[in-house]
Amino acid sequence: MPDSAAPHTPAVPPTPPVPLSALLARDDLGLRQIAGPVDEGTVIHWAHTSEMSDPYPYLLGGELLLTAGVHIPEAAGSGTYFDGYVSRIVAAGGAALGFGVAPVHDSVPRALVAACDTYGLPLIEVPPRTTFSGVARSVWQLMAQARHAELRRVTEAQQSLAAAASRPDPVRAVLRRLAQRVGGRAVLYGPDGAELATAGRGPTPDALAGLAAVVQPVAAQNTGRLSRGAGNCATSPDEPAPANPPQPPSPRTSTPTSATDTVDGTHLAAYTLTSQGHGFTLGVATPHRDPGDHTIASVAAVLLSLLTGEQQSGTGAARASALVRLLLGAPPDEVAPLLGGAPRWLVVHAHPTEDGPHPDTLAAAALGTALGSALVDAHGDVVRVLVPADREVDAQPGWTCGVSAPTEPHAWTAADIQAARALARARATRTALVRHGSRTALTDLVPAADATAHAQALLAPFNTAPGAAALAETLHTWLSLHGSWDRTAVALAVHRNTVRQRIGRCAALLDVDLDDPDVRMELWFALRRE
């Protein structure tokens, strides 16, 4: 027979428990508590009928045990029978005892009432008109209602968390929504255990310190740094803390992804966000723990993993290798294969749409995830992202973006300049996204070196002419104003006859016919390259 020295731990069913107070509140049952503590926190996981004098072997824990007292001997009122009977129910983890009045007993035995008061077991009087099957049916009905309410709550929480993940600052938005849904505090910790972002109502300082302590071994085990005896928390958020400290996992043992503890009545839970060993950790502190809280927190952990995690396997080691090679003098073409092997790349410069503090690592990581790249640099008020050119770069909520032209790794520096200019144009025009070179100009079809050489050769006569600078400026202005003498004179603040004289000298020096549109086009091209 099982040992009755320690209370039995209930095997909790996969359904929400029913508060005993809710069962007592049903008018159709007419139940009445006549002994034991009155506690709103008392819950029932199921109902069970038994007339055994020792029900211990047949209880799982958490039951409302129903009996009509058939097992009670006639001389039980003057002995220790009820003490032994009630103590065994308590040892088995029974939640409450329901005693049916009639047909066996006209009233609840006083010795049973005294024993329930002594052992702290709620005793419920079941009137003659109420059958045990009716009580059991009511328990299951309340469970079904609780289950439906839980599913609705979890579904609504999932939808609100998903909506938060699409906001301009998704990481903090998800933390705020999670804290609201569980009625507590949500904290995001970095790989080094530092607090990066927080939301919600704060528990006691001791509870916050306890939360950091719960997070530490979870993060440490996922980075292979857990030492013997570190922490004393459970490896599942639905189980109590073990008696012995966890041991370092062997290479073949999977590391825990969550842990729980309780400090000052506050329920603490930690969830690791990645499995790569360099990820973030989510900590949740709540004053109570409803059945759906773990599911809601798990959904938030998945969303935060997507918002902060790396999108390519092994990118951490690959980026480190690429950085070392660049520092040692390797050209970009050599290190590019370590970053995904894309033949051409885009450089994206992004600035927060709303004025405020500089974007931090969390906002930058979320932007990189949205663009499909972990190659992110947050510096000052601009975030730069290196994106493979085969990925579509769209406007991002909460950001103003400038995108370079697709380029090979050797031209990353030039692409960076293009993205900066595109971002400046986007901010000036209040456009969400501007791409460099959205229209291909004729000048883009000629290599820059060839275009410059041609321009220098064509305009070479200006080099030895007196007043060459004034001549070049006048010709440039005249061509830009479509050959208008008056408008050119106004733009240069000279007399229109001066403009005519200078344009005549230009035509003579260059030996060209300035009435020819082809000549004008070629000179305009040359003056822009010079």
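Me: In this predicted model, where does S107 lie?
Reply: S107 counts as partly exposed, because its relative accessibility is 47%. Its C-alpha atom is separated by 9.4 Å from that of P127, 20 residues apart along the chain. As for its place, S107 lies in the loop between strand 6 (96-100) and helix 3 (110-119).

Me: Which residue is joined to P103 by a cis peptide bond?
Reply: P103 is found in the loop between strand 6 and helix 3. Most peptide bonds are trans. Here omega is about 10°, and the bond is cis. The partner of P103 in that bond is A102.

Me: What is the phi of A102?
Reply: A102 lies in the loop between strand 6 and helix 3. At 35% relative accessibility, A102 counts as partly exposed. Most residues other than glycine have a negative phi. A102 has a positive value, near 75°.

Me: Is A493 buried or exposed?
Reply: A493 lies in the loop between helix 14 and helix 15 (496-510). Its phi is positive, near 60°, in a residue other than glycine. The cut-off for exposed is over 50% relative accessible area. A493 has 70%, so the class is exposed.

Me: How do helix 13 and helix 14 stand to each other, oblique or parallel?
Reply: The axes of helix 13 (residues 468-480) and helix 14 (residues 485-492) come within 9 Å and cross at roughly 130°. That angle makes helix 13, relative to helix 14, oblique.

Me: In which hand does helix 13 pass helix 14?
Reply: The crossing angle is roughly 130°, with the axes coming within 9 Å. The hand of the crossing is right-handed.

Me: How do helix 4 and helix 7 run relative to each other?
Reply: Helix 4 covers residues 132-165 and helix 7 covers residues 293-308. Their axes come within 10 Å and cross at roughly 20°. Helix 4 passes helix 7 in a right-handed crossing. Angles under 35 degrees count as roughly parallel, so helix 4 and helix 7 are roughly parallel.

Me: Why is helix 10 described as largely enclosed by the rest of the structure?
Reply: Helix 10 spans residues 361-371. Among its buried residues are L362, A363, L367 and L371. Buried means under 20% relative accessible area. Helix 10 is largely enclosed because the buried count is eight of eleven residues.

Me: Which residue takes a positive phi just after helix 10?
Reply: The phi there is about 80°. Helix 10 covers residues 361-371. The residue just after helix 10 with this phi is G372.

Me: How many salt bridges does a search of the whole structure find?
Reply: One of them pairs E125 with R32. Another joins R384 and D416. E392 and R435 also meet in a salt bridge. The search of the whole structure finds nine.

Me: How far apart are the closest N and O atoms of E125 and R32?
Reply: E125 forms a salt bridge with R32. The pair links distant parts of the chain, with E125 in strand 7 (residues 123-126) and R32 in strand 2 (residues 32-35), 93 residues apart. R32 counts as partly exposed, at 46% relative accessibility. The closest N and O atoms are apart by 2.9 Å.

Me: Which residues are linked with R384 in a network of salt bridges?
Reply: R384 forms a salt bridge with D416 at 3.1 Å between the closest N and O atoms. R384 is in strand 15 (residues 382-388) and D416 is in helix 11 (residues 412-429), 32 residues apart. R384 is partly exposed at 34%, and D416 is partly exposed at 21%. The residues linked with R384 in the network are D377 and D416.

Me: How many residues apart in sequence are the parts tied together by E392 and R435?
Reply: The side chains of E392 and R435 meet in a salt bridge at 3.5 Å, N to O. E392 lies in the loop between strand 15 and strand 16 (399-403), and R435 in strand 17 (residues 433-435). E392 is exposed at 58%, while R435 is partly exposed at 32%. The parts they tie together are apart in sequence by 43 residues.

Me: What is the area of the nonpolar surface patch that includes L328?
Reply: L328 is in the loop between helix 8 (315-327) and helix 9 (332-335). L328 counts as exposed, because its relative accessibility is 72%. The patch is made by L323, V324, L327 and L328, and its area is about 460 Å².

How values were computed
Residues are numbered from 1 along each chain as its sequence is written. Side-chain values use heavy atoms; hydrogens and water are left out. Patches are made of residues with over 30% relative accessible area and no salt bridge: like charges are joined within 9 Å, nonpolar side chains (Val, Leu, Ile, Met, Phe, Trp, Tyr) within 5 Å. Accessible areas come from the Shrake-Rupley method with a 1.4 Å probe; for residues, only the protein chains shown count as cover. A salt bridge is a side-chain nitrogen of Lys or Arg within 4 Å of a carboxyl oxygen of Asp or Glu. Helices (H or I, at least four residues) and strands (E, at least two) are DSSP runs, numbered from the N terminus. Buried means under 20% relative accessible area, exposed over 50%, partly exposed in between (1.4 Å probe, protein chains only). Axes are lines fitted to C-alpha atoms, for helices over the stretch in contact, and angles run from 0 to 180 degrees between N-to-C directions. Angles under 35 degrees count as roughly parallel, over 145 as roughly antiparallel, 65 to 115 as roughly perpendicular and the rest as oblique. A crossing is left-handed if the near helix is turned anticlockwise from the far one by less than a right angle, and right-handed if clockwise.
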